[in-house]
Amino acid sequence: MSASAWIRVTFLLVVGLVAYCQAQDKYSQMYRGPVVDCREIFGYLNNLKEFFKDECGQLDEGCPWKLQKAIKWYGRVAKQIKQYVSATNRHSARFKSSRSTDSECYRYLNVLDGNCSVRCRGLVDRLWDDQSGLGLSITQFYKPDPEDKCYLNRTVRCLKGVSATESCSRVDKYVQCFNDQYGRKDTETARFIPFTTVQHTRILMECAAIQGIPVESLQRAAENGSGLPQEACLLRCFLIRQGLYSDAGGLDLERLEVQCGGYGSGWDPVAVRQCIAKVEDCDKCSKVQRIAKECLQAHFKVLPNPNSDTVESVPFLVEFYVGISVLGINFKGMISGCLLSIFCFFA
């Protein structure tokens with residue numbers, strides 16, 4: 001079959017797959033046929049693009065313009081489906097771009113040219129906290145040059161040179177270090193916003209309600225230091241509601257890293273993915289718990305709320321972190337903090 005014929009056939013197939021992907025979500029309550037995960041469609045399109053790319057490189061007379069156009073088209077469609085899959089797997093997760101946050105802060109402060117607008121963006125996007133400083137999530141708003149091997153060292157050197165003590169001025173200068181040294185700022189792409197401790201409590205209470213577990217049971221677990229009732233299913237719901245896990249796609253390790261503030265120097269994504277691939281369990285809840293504990297050394301429990309003024313609305317606190325063990329050293333990343341991020345030293 002000629003290249004042109006291949007393009008026509010696959011074009012029709014792709015159009016059908018994209019339409020299926022959209023209809024499956026729109027009419028999910030009505031559809032009762034076999035289900036194809038849209039992630040599989042994304043993988044198929046990506047492989048198709050690479051196939052035509054290889055074919056193109058093997059042609060002695062050069063790559064025809066139709067084939068070049070097809071390669072670009074498959075790449076664009078694959079990217080769109082990937083974004084669509086990400087958007088439909090959010091649940092309680094929030095995604096913001098720097099531009100949208102700046103617009104939001106403009107309404108809050110009624111001014112955008114003062115350096116307190118940068119602090120506002122930092123607070124809204126969870127990349128800054130007046131107590132703990134910069135969080136790892138700031139890095140997702142920048143794209144370093146892949147040829148630049150020194151951007152991180154330059155950024156850290158710049159951060160260390162900041163002497164401002166007033167909060168608005170300090171965060172403004174820290175962010176300027178990233179603007180100048182870390183990489184190109186991406187103001188348009190919406191990024192994952194980490195959850196706060198209070199939000200974690202709310203999500204776990206929602207999950208308990210879904211599972212039919214009384215809030216009093218969680219409060220007793222917090223007071224006694226005992227294990228959570230139906231812990232495996234609570235953990236699965238807890239991760240799904242944050243957009244960190246889905247049964248079809250598994251753990252979203254990139255979002256989890258942002259939420260945890262980094263994995264630490266012992267992080268080995270290849271080993272973690274190999275570990276996850278070996279976990280086989282028919283029960284969905286047990287599978288998530290095994291992945292979390294065996295592959296990420298996750299810790300999941302509830303603690304009493306030490307603040308008596310807020311205990312009525314926040315009856316307990318959620319403690320969730322992952323630990324990567326290297327040479328006997330356990331690196332922990334508190335889910336609500338940024339202990340592992342090098343930028344947390346700049347508070």
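Biologist: Which residues of helix 7 are buried in this predicted model?

Modeller: Helix 7 covers residues 167-182, so let's go along that stretch with the cut-off in hand: buried means under 20% relative accessible area. The residues of helix 7 that pass are Ser167, Cys168, Ser169, Arg170, Val171, Tyr174, Val175, Cys177, Phe178 and Tyr182.

Biologist: And which elements do those buried residues pack against?

Modeller: Packing here rests on contact, meaning heavy atoms within 4.5 Å. The partners of the buried residues of helix 7 include helix 5 (116-124) and helix 6 (151-160). Three strands complete the list: strand 2 (128-129), strand 3 (133-134) and strand 4 (142-143).

Biologist: Which residue caps the N-terminal end of helix 7?

Modeller: Look for a side-chain oxygen by the backbone nitrogen of cysteine 168.

Biologist: How many residues does the largest nonpolar core have?

Modeller: Nonpolar side chains tend to be buried together in soluble globular proteins. In this model, Leu204, Leu234, Phe238, Leu239, Phe300 and Phe320 have the most contacts inside the largest core.

Biologist: How are the planes of phenylalanine 238 and phenylalanine 300 arranged: stacked, edge-to-face or tilted?

Modeller: A pair of aromatic rings is described by the distance of the centres and the angle of the planes. The centres of these two rings are 5.3 Å apart and their planes are at 35 degrees. Under 30 degrees counts as stacked and over 60 as edge-to-face. With its 35 degrees, the pair of phenylalanine 238 and phenylalanine 300 is therefore tilted.

Biologist: How far apart in sequence are the parts that this pair ties together?

Modeller: Phenylalanine 238 and phenylalanine 300 are both buried. Phenylalanine 238 lies in helix 10, whereas phenylalanine 300 lies in strand 9. The pair therefore ties together parts whose separation in sequence is 62 residues.

Biologist: Is glutamine 140 buried or exposed?

Modeller: Glutamine 140 lies in the loop between strand 3 and strand 4. Leaving out residues up to four places away in sequence, glutamine 140 touches Arg191, Phe192 and Val258. Its relative accessible area is 16%, and the cut-off is under 20%, so glutamine 140 is buried.

Biologist: What is the distance in space from glutamine 140 to phenylalanine 192, C-alpha to C-alpha?

Modeller: In sequence, the two are 52 residues apart. Phenylalanine 192 is buried, with a relative accessible area of 3%, and glutamine 140 is in contact with it. From C-alpha to C-alpha, the distance is 8.6 Å.

Biologist: Which side chain makes a polar contact with the side chain of histidine 200?

Modeller: Histidine 200 sits in helix 8 and is buried, with a relative accessible area of 0%. Its polar contact is at 2.9 Å, and the partner is the side chain of glutamine 242.

Methods:
Residues are numbered from 1 along each chain as its sequence is written. This is a predicted model: local features need pLDDT of at least 70, side-chain atom pairs count only at pLDDT 80 or more; totals for chains, interfaces and linings use all residues. Side-chain values use heavy atoms; hydrogens and water are left out. A nonpolar core is a set of buried Ala, Val, Leu, Ile, Met, Phe, Trp, Tyr and Cys residues joined through side-chain atoms within 4.5 Å. Buried means under 20% relative accessible area, exposed over 50%, partly exposed in between (1.4 Å probe, protein chains only). Helices (H or I, at least four residues) and strands (E, at least two) are DSSP runs, numbered from the N terminus. The expected span of a helix is 1.5 Å times one less than its number of residues. A polar contact is a pair of N or O atoms within 3.5 Å; within protein, one must be able to donate a hydrogen and the other to accept it, and residues adjacent in sequence count only if both atoms are side-chain atoms. Rings of Phe, Tyr and Trp (its six-membered ring) pair if their centres lie within 6.5 Å; planes under 30 degrees apart count as stacked, over 60 as edge-to-face and the rest as tilted.
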